[in-house]
Amino acid sequence: MQKKGSIVLWLVLAAVPAFAASQPAATRNLDDWFSPQGVASLWVRTHCDLESAERGVLRATFWKGYGTTGFETSQLTAADWSSWKSFRFDVENDYDEPFSIYVRLSNRANHPAAETYTGGTFDGFVIGPGRSTVEISLEKMQSPEEHPIDPARITYVGVFFRPLFLRDGMELKFTVDRTFRLSNPRLSPAPALEQKQPYGDLLFSETDPALSILRGEVETAIVDLGNIIERAKGRGIETSYAEIYPFLSRIAFNSRLAAFWQDRAREQRKALEFLLAGAKQAGKDLQGTLDGKASQPLVPSVPDYARLSIRDGYFRLGEDPFLLFGMLYNQRGPLLRWFANSQTDYGTQLIAGGTRHDVERQPIWDAYHKHPDTHRVGWDHADHIIRDRSSWEVLGPPVNVCLESPNSREAIAKMIETFERAHAGDRDHLVQNLGYEYTYVCYCDFTERLWEDWLRRKYSDIGAANRIWATSFAGFDKVSMPRQENAAANRALWFDWASFNLYRFMEQIRWTRDQIRRWEPEKPLTVGSPFFAFSPSLWTGVDEEELADSGITGVVLEENYELDTLMPEYLHALAGVKPVMDFEYHGVIHQILPSFLHGDAAISMWWWNDRKRWTPNEPINEWASSFPQSYTIALQEIAKAMRDALDIRRLGREIAALGSAPRPVALLYSKTSMLQQLPLQSRAMDSFPYLSELRRTYNASQSAGLYVGLTTEKKILAGDLQQRKVLVLPAVEFVPERVVAAILKWVENGGTLVVCPDSLLADEYARPTATLRSLGLRLTRREPPRLKRGELLVTEYNLPDLPRMPLKKTGGKPFTVDGVPLTAAGGRQIIECRAPEVMARFEDGAPAAIRLPRSKGTIFWLAAPLDPPSWALFLSQAAADSGLKPDLRVVRDTGGAIPELEYRTVASGGVRLAYLYNNSDQDLQLALQPAFPFTRIVDRRKEVQLEGTSLILTARETAILEFR
């Protein structure tokens with residue numbers, strides 16, 4: 001059998017070396033690649049399944065939840081492709097959305113990125129629904145490093161699929177498994193046709209004849225609305241809400257684009273029907289105001305930024321908070337009717353001494369070419385320090401700077417002086433921005449000395465360090481600088497290196513601040529890379545907590561890409577009296593208002609562009625995510641963003657009161673557990689157990705009706721738990737023993753602790769601890785999650801695949817909260833404890849939930865993660881056990897909890913305020929059950945009184961209620 005397999009492999013590969021350059025340039029068929037034999041012997045799979053029932057046809061299924069999916073081979077033995085000008089294959093896409101295909105070719109079997117060519121544009125080769133032909137040019141191939149790829153020696157071929165990045169807030173992972181049919185691989189003598197641009201032309205370059213009557217109705221309705229608006233303006237009535245529809249009609253007819261894969265007539269009809277309905281309703285509402293039957297709430301204008309001060313977590317106009325919602329890059333013109341000027345800050349990449357756009361004009365350019373010690377060592381990722389080949393906006397050679405070099409610092413100091421002198425006396429902006437999206441690692445000689453000094457300050461004695469690391473270094477000058485690829489070899493040493501790298505970069509920021517203050521003594525500063533606070537790459541970025549506590553910044557920088565509010569909630573916890581400001585929000589529109597309700601003071605959203613352009617070096621999503629041109633952001637969503645912008649400005653006092661309310665429930669953000677993850681183990685899914693459970697637990701907590709915030713290890717040691725009633729540990733495996741002691745002492749004084757698996761198993765150096773034993777628990781084994789592909793990590797993508805594990809009371813009846821049976825989903829701990837402490841068991845009798853009384857407080861220990869709806873119910877029960885109950889309960893009008901609803905209440909200014917956010921695509925019919933007296937409920941966004949205590953909350957909308 002082994003011999004037969006070898007023969008098959010030889011037959012598959014033998015065809016490739018036979019492609020001689022001397023052959024006539026005819027199309028060369030490669031059907032063997034997609035044959036059953038090729039599938040069995042040729043391709044190495046990466047998170048995908050391949051099958052072939054016939055020669056030349058491949059059925060490829062790409063797995064959900066992975067950043068890289070595809071197949072590759074390095075068994076081509078230097079194939080000669082020089083007689084052909086393009087490599088092609090056909091793809092059948094049965095889905096409505098487009099996808100990207102990345103075809104990679106290299107002359108080296110190990111295909112290093114610097115010597116590998118990727119065909120297509122920045123976004124790969126874009127395929128729409130239906131049948132497409134992928135055409136990869138074989139002419140003038142070169143890598144991102146401009147290394148030529150010889151078509152006569154093709155040794156490696158890779159084919160990778162992923163979603164096309166069509167808009168911000170979108171994951172570049174398949175959310176469900178996707179299957180494509182690939183066929184007819186071939187080499188062609190014909191040049192590859194230029195790839196279709198991501199969009200065609202204007203959506204209404206020509207109106208479909210069948211829609212001409214509908215368009216006429218829209219134009220008439222817009223004219224009629226315009227006349228009503230003019231009459232209302234003449235009487236001093238607010239018209240900004242009504243003006244949305246005439247404005248959007250101009251956008252629709254003059255700026256909107258159609259993608260090449262879209263049904264133009266269908267997209268036109270959707271736009272026309274929306275505009276017609278919106279214009280008619282806006283006219284009806286405004287006419288009602290003219291007739292005295294309703295009122296239009298006044299919207300305050302955005303003041304000059306010089307009039308705003310910073311106090312108590314917000315930008316303020318006098319005593320009142322003034323919330324700012326801008327649209328990048330909106331600085332002037334009619335859009336200011338709705339959005340704040342996005343020029344809230346001025347600055348540049350001051351940490352680096354230049355940007356990818358202007359580095360050639362800065363002192364760092366000359367230093368970089370004159371002094372070798374200014375070059376980064378051992379780390380190829382320039383990010384914003386300063387430029388690498390993947391910097392799509394700018395084509396140019398890499399400039400990967402070492403920040404420790406005295407020559408680098410001299411150049412950066414010169415750049416800062418020039419910049420600050422040019423901006424002296426600036427009063428038009430709220431804050432000076434030192435830059436963001438920073439990460440930094442270097443292994444130079446300067447770093448080695450800094451590392452040695454840092455270790456000496458921490459340990460004093462090398463013997464103490466050796467005992468923790470289980471090493472035998474002769475001195476601190478002999479301690480190597482760990483690399484991410486060998487982090488697992490010594491996790492204690494890796495933790496110190498990761499901590500040092502955060503410290504080292506913080507010192508660079510502190511040094512930059514000092515240079516700025518030589519020339520600009522007063523302007524508030526901001527800087528950071530908060531995205532990495534929720535990334536396995538935290539160790540390469542900025543320690544946001546240390547930055548917030550350092551005194552360097554006056555405004556906390558945010559840049560949220562996610563589809564939740566975890567980042568603003570975390571930064572709110574760190575900020576104290578500083579405003580949290582998202583300078584480049586990359587999430588979705590319906591999360592804008594919830595972000596303010598979780599503590600944001602200002603947001604500038606990516607983005608609004610005034611003109612269409614596209615170059616092959618530019619990512620498709622840069623224009624698909626620009627509001628006027630976008631074919632992926634519906635007009636309805638743009639209208640929502642405009643209405644939300646007005647409401648955020650109008651209801652700033654109420655939103656700030658809701659967003660700044662105390663958080664009696666806290667989840668632990670553990671920097672220790674973030675740094676103790678192993679970088680290479682987290683690469684496939686860009687996550688790891690603690691990070692995945694933190695996000696899952698946080699999002700599931702939102703429907704409990706409780707204010708849920710975050711705390712940190714540093715804050716716990718400083719006494720932060722005194723203001724909390726409940727603390728949740730979401731798979732916090734690594735916790736310093738001092739922090740554990742502080743938590744347990746707080747519990748003994750009356751706190752309620754909820755422990756999710758697998759928490760409190762080791763200290764910061766990954767050494768097992770005796771915490772469970774001290775609580776009378778014995779962990780006998782850990783069972784991994786039963787996922788169909790054997791994954792060890794549960795994520796939002798594979799969570800639905802997990803079998804549910806019902807929780808049972810002693811005696812076998814379901815364990816319920818509010819009559820709802822609870823279930824677990826994921827890996828579980830098999831734990832032994834005293835029988836009276838067991839609250840619930842699994843079906844096999846093993847403890848599932850344990851209640852441990854501890855002096856005045858309580859510990860709830862879960863042996864498996866609860867599924868999201870069950871978690872919210874369990875958290876509510878644990879909070880009630882601590883004496884914490886929501887002032888408002890919201891259920892379906894037919895009864896029952898609503899996992900997709902987030903809601904909170906707060907007392908403010910003599911009234912009760914509440915917000916309710918429908919985080920689903922379905923309208924919800926709600927019944928409000930307040931636990932406080934009131935006479936009426938006013939919907940502050942609509943400024944109408946509710947009839948009774950029922951409310952219909954439309955999909956993805958947020959209501960703000962006032963109980964009077």
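Which helix holds both R215 and E219, and how many residues apart are they? I found both in helix α3 (residues 212–234), 4 residues apart, about one turn of the helix. I count a salt bridge when a side-chain nitrogen of Lys or Arg is within 4 Å of a carboxyl oxygen of Asp or Glu. Searching the whole structure, I got 64 salt bridges.

**Ground rules.** I am working with a predicted model, where local features need pLDDT of at least 70 and side-chain atom pairs count only at pLDDT 80 or more, while totals for chains, interfaces and linings use all residues. Residues are numbered from 1 along each chain as its sequence is written, and side-chain values use heavy atoms, with hydrogens and water left out. Helices (H or I, at least four residues) and strands (E, at least two) are DSSP runs, numbered from the N terminus.

**Confidence.** I looked up pLDDT, the predictor's confidence in each residue from 0 to 100. The protein chain averages 93, and 96% of the residues score at least 70. Over residues 1–23 pLDDT stays under 50, and the model has 33 contacts beyond four places in sequence for that stretch. Contact here means heavy atoms within 4.5 Å.

**α4 on α5.** Next I checked helix packing, with axes as lines fitted to C-alpha atoms over the stretch in contact, and angles from 0 to 180 degrees between N-to-C directions. The axes of α4 (residues 244–254) and α5 (residues 264–290) come within 10 Å and cross at roughly 165°. α4 and α5 are therefore roughly antiparallel to each other. My angle classes: under 35 degrees is roughly parallel, over 145 roughly antiparallel, 65 to 115 roughly perpendicular, and the rest oblique. α4 passes α5 in a left-handed crossing. Left-handed is when the near helix is turned anticlockwise from the far one by less than a right angle, right-handed if clockwise. From α4 the contact takes Y245, L248, S249, A252 and F253, and from α5 it takes L272, F274, L275, G278, A279 and A282. I sorted the contact of α4 with α5 into 9 nonpolar, 2 polar and no charged residues. For the classes, Ala, Val, Leu, Ile, Met, Phe, Trp, Tyr, Cys and Pro count as nonpolar, Asp, Glu, Lys and Arg as charged, and the others, Gly among them, as polar.

**α10 and its partners.** I took α8 (residues 445–459) against α10 (residues 491–517): their axes come within 11 Å and cross at roughly 110°. That makes α8 roughly perpendicular to α10. The crossing of α8 past α10 is right-handed. On the α8 side I listed T447, L450, W451, W454, R457, K458 and Y459, which meet L493, D496, W497, S499, F500, Y503 and R504 in α10. Those residues divide into 8 nonpolar, 2 polar and 4 charged.

Then I took α7 (residues 406–422) against α10: the axes come within 9 Å and cross at roughly 40°. That makes α7 oblique to α10. α7 also passes α10 in a right-handed crossing. R409, I412, A413, I416 and E420 of α7 meet Q508, W511, T512, Q515 and I516 of α10. By class I have 5 nonpolar, 3 polar and 2 charged residues in this contact.

Which residues does a cis peptide bond with omega of about -10° join? I found W606 and W607 there, with W607 in the loop between β26 (600–606) and α14 (621–624). Another cis peptide bond joins P757 and D758, with omega about 0°. D758 lies in the loop between β30 (752–755) and α21 (771–774). Finally I noted H47, a residue other than glycine with a positive phi, near 55°. H47 sits in the loop between β2 (44–46) and β3 (48–54).
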